Amino acid sequence: MNEVAVLMGVRKRRIYDITGVLEGVNLIEKKSKNTVAWKGSEAILGASLDSSAKDNIKKLRSEISHIQKEEAILDQWIAKLSKKSAV
């Protein structure tokens, strides 16, 4: 949270106020003193979503995961090829 306060140019107290509100509405979860985890809006809206919307969210998350894996593989190939061309 210290980094965020510096990045945003605000006092650390403001960051704690904001994280307190977000934790209060169940959007984040404090993992440690200076670390939070995003729970997301589904924590609030999840109960009100119908099964079709929940299925779509699940499919999209799966697709995102697949794309991230493909991106990591492409990044590895780019790094390998960059090293070869530099030699």
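Start with Arg 14 and Asp 17. Their side chains meet in a salt bridge, 2.3 Å from N to O. By salt bridge I mean a side-chain nitrogen of Lys or Arg within 4 Å of a carboxyl oxygen of Asp or Glu. Both residues lie in helix α2, 3 residues apart, about one turn of the helix. Helices here are DSSP runs of H or I, at least four residues, and strands are runs of E, at least two, numbered from the N terminus.

A word on the source. This is a predicted model, where local features need pLDDT of at least 70 and side-chain atom pairs count only at pLDDT 80 or more, while totals for chains, interfaces and linings use all residues. Residues are numbered from 1 along each chain as its sequence is written, and side-chain values use heavy atoms, with hydrogens and water left out.

Back to Asp 17. Which other residue does Asp 17 form a salt bridge with? Arg 13, with the closest N and O atoms 2.8 Å apart. That pair also sits in helix α2, 4 residues apart. In general, side chains of opposite charge can pair when their charged atoms come close.

Are these residues buried or exposed? Buried means under 20% relative accessible area, exposed over 50%, partly exposed in between, with a 1.4 Å probe and protein chains only. Asp 17 is partly exposed at 26%. Arg 14 is partly exposed at 38%, and Arg 13 at 47%.

Next pair: Glu 23 and Lys 30. Their side chains meet in a salt bridge at 3.9 Å, N to O. Glu 23 is partly exposed at 34%. Lys 30 is partly exposed too, at 33%. The search of the whole structure finds 4 salt bridges.

Gly 24 lies in helix α2, which covers residues 12-24. Gly 24 is exposed, at 64%.

Now the whole chain. There are 4 helices and 2 strands, in the order α-α-β-β-α-α. The radius of gyration is 19 Å, well over the 12 Å that the globule rule gives for 87 residues, so the chain is more spread out than a compact globule. That radius is taken over C-alpha atoms, and the rule is 2.2 Å times the number of residues to the power 0.38. The C-alpha trace spans about 55 × 40 × 20 Å along its principal axes. Buried residues make up 10% of the 87.
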